[in-house]
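Please open the structure in your viewer and keep the selection tool at hand. The tour below goes from one selection to the next and says what is there at each stop.

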Amino acid sequence: MGRSVIVHENFLRRVSVGDLPAGRAPSGPLPPALAVSLYRSGCLTRHLDRTSRAMQAAGTGFYTIGSSGHEGLAAVAAALRPTDMAFLHYRDAAFQIQRAEQLPGQTVAWDMLLSFASSSDDPISGGRHKVLGSRALNIPPQTSTIASHLPKAVGAAYAIGAAKRHRPEHAILPDDAIVYCSFGDASANHSTAQGAFNAAQWTAFQSIPMPLLFCCEDNGIGISTRTPRGWIAATFANRAGLKYFACDGRDIYDTYAAALAAADYVRRRRKPAFLHVRTIRLYGHAGADMPTTYLPKAEVEAEEAQDPLLHSVRLLSQAGALTPPEALEIYQHTADRVTRVAAAAVKRPRLRDAAGVMASIVPPKRACRPTNGPATAARAAAFGGDLRAMEDPQIMSRLINWALTDLMLTHPEIVMMGEDVGRKGGVYGVTQKLIQRFGPDRMIDTLLDEQSILGLAIGMAQNGFVPMPEIQFLAYLHNAEDQIRGEAATLSFFSNGQFTNPMVLRIAGLGYQKGFGGHFHNDNSVAVLRDIPGVILAVPSDGADAARMLRECVRLAREEQRVVVFLEPIALYPMRDLHEDKDGLWMRRYPDPSEAIALGEVGVIGTGEDLAIVTFGNGVYLANRALSRIEAAGIRARIVDLRWLSPLPKEGLTRAVAGCRNILVVDETRHSGGVAEALMAHFHETSLAQLARITAEDSFIATGPAYAATMPSAEGIAEAAISLAGKGSKNRARGKA
């Protein structure tokens, strides 16, 4: 007999005979009608859990991690407002059910059962996953089990104060809202969670508004690993800048009072708080989990004896709000209703093909106010003497700076954040003067934590901002890549396009830096970014292209709600010369603010048909250096600048190499898992040309004189090109013979 059946039968028996657990008397501000409503939400939570197990056994349901034992979270929901954005723990069905009671017209049981059944009618995910969430209830869906949603909760809370000062066009949170996020006691130990707590405290310590309520649902165990008794209270009760509240989650009166006090503190003080709700976990971790295989049976039974619904029956009876027979009738009526609704839900359609599953990877477009670009007077005030300098060729870093300035003048919802982006102007000076031009509200110097930087961006995007976070070096992204992979890129997918977090993530990266940094500052691997569905990856090769592509990246984020990564080649930031010292051939003039390079538009230099060199970033620079030697060998060549690494611009590439007899792919990323693999496959499928590739070695990057030893060089490109095109000429000659 499963534990869910045992708990159910124990409830029926104990309520019938009046065998209710002992506990403190009901007290506090919870009114009788609301108390009964909380109990009803708890009953619905319980029966949804039971039904999910029955559906799975019948092959009509696919999710059984339940919320039984956490029914007290309904009281927390009642203490908040529907306008308070809530990032929920996966055991928070009771929270969502009770929040639905605050808005008329909700069909929460039907909605959740559709989700259990993976029906395409599921109003939050469209059948893609069982997630808590609702657009109407202001609950973005989470798939996190390790509290990776906490950094973006910090960002969303910060965005409330930021929007009060500069309200974006698409802001959704009112000025007096707070942000709520919940998680388990085991997840509280994760580095991502700890970073979020620290970021919230760090912010509040500086008297910056941070209206955020953390809620730890402490059931004392993570799957089979016990949380040390007293650990959560010991580590969170006395943190600087984080007010601590605690309650017994089995007691809806105590929980409501504590949640009400915590929410009031956060709302009035605009400071973060930590609500510690002591709960229990019934049934084990998930449907297939048997807690008696790793816990003593007596311990499991003792936990079940403290069933929160049994405590609620006692408390309601003592408060005169509901008699035990009335409570039992509600429980049984709810069970019957869930059974009826589930029978209908399992008959609803499900996703059947790849196109249906993938339909929400790319977010929907949104209408934005039209703009005519930056105003002339505003540009004059912002740029000053730089306007005259725009007439002359400049290095890439300066052109990016000017493009950022024009974009921020045009779109007041753009904010930048990162370590050193403000006062210092970035590690390489790319964001110099921007804090003087736009102020610290839009140029946010963050703490040194990449997870917090990206979480800030994700959360601010959910309140209408267009964030442009900066990661100082590509290698540093690996500290926080799950914020893009597991959070930013999945939000549209798991919400069926109802929630989005558009952004343009700027990263300085790739190799070829002379004598600086080794593999921490020279990282030539982009596989982790190209592997994420829906993420756009852009890499410019010169300053003019960088400005034009950056404008398209902002358009993609602002209008199409995309997550875009703009990878800036560090070695090309200061590049002036191409062939000889002081020839200035790699500098470019600043393109007019109206000019942009569209997503998927590749660059082509030359018209030669003997050879196409397909490359990107530093490879474009190196290929241009090699071109004179290639042409001296009698080979007519063209250089194709990929520009957009993901999604691969297949149509543009096919057109760009049309008529070429040989294709040489030059890839500064690694041989294994690098960009060349996809390019070689594409040309093999679409072209009759002879193919060859030159790539970086499968190696980390050294510093000192060997800084470029493992990567393509101009000399190596020339040799490979001559070898490939020469073979092609010999083959053509044999064919004529």
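**First stop: a strand and its partners**

Select Thr-615 and then Asp-641, which is the bridge partner of Thr-615 in β16. Before going further, please keep in mind that this is a predicted model, in which local features need pLDDT of at least 70 and side-chain atom pairs count only at pLDDT 80 or more, while totals for chains, interfaces and linings use all residues. Residues are numbered from 1 along each chain as its sequence is written, and side-chain values use heavy atoms, with hydrogens and water left out.

Now widen the selection to β15 and to strand β16 (residues 637–641), which pair in the parallel sense over 5 bridges; two strands count as paired if DSSP finds at least two bridges between them. The names of these elements come from DSSP runs, helices being H or I with at least four residues and strands being E with at least two, numbered from the N terminus.

How many residues of strand β15 (residues 611–615) are buried? The number is 5 of the 5, so the strand is largely enclosed by the rest of the structure; buried means under 20% relative accessible area, exposed over 50%, and partly exposed in between, with a 1.4 Å probe and protein chains only. Leu-611, Ile-613 and Thr-615 point one way from β15, whereas Ala-612 and Val-614 point the other way.

**Second stop: salt bridges**

Side chains of opposite charge can pair when their charged atoms come close. A salt bridge here is a side-chain nitrogen of Lys or Arg within 4 Å of a carboxyl oxygen of Asp or Glu, and a search of the whole structure finds 36 of them.

Select Asp-251 and Arg-24, whose side chains meet in a salt bridge (4.0 Å, N to O). This pair links distant parts of the chain, 227 residues apart, with Asp-251 in the loop between β6 (243–248) and α9 (252–269) and Arg-24 in the loop between α1 (3–17) and α2 (32–58). Asp-251 is buried, at 4% relative accessible area, whereas Arg-24 is partly exposed, at 49%.
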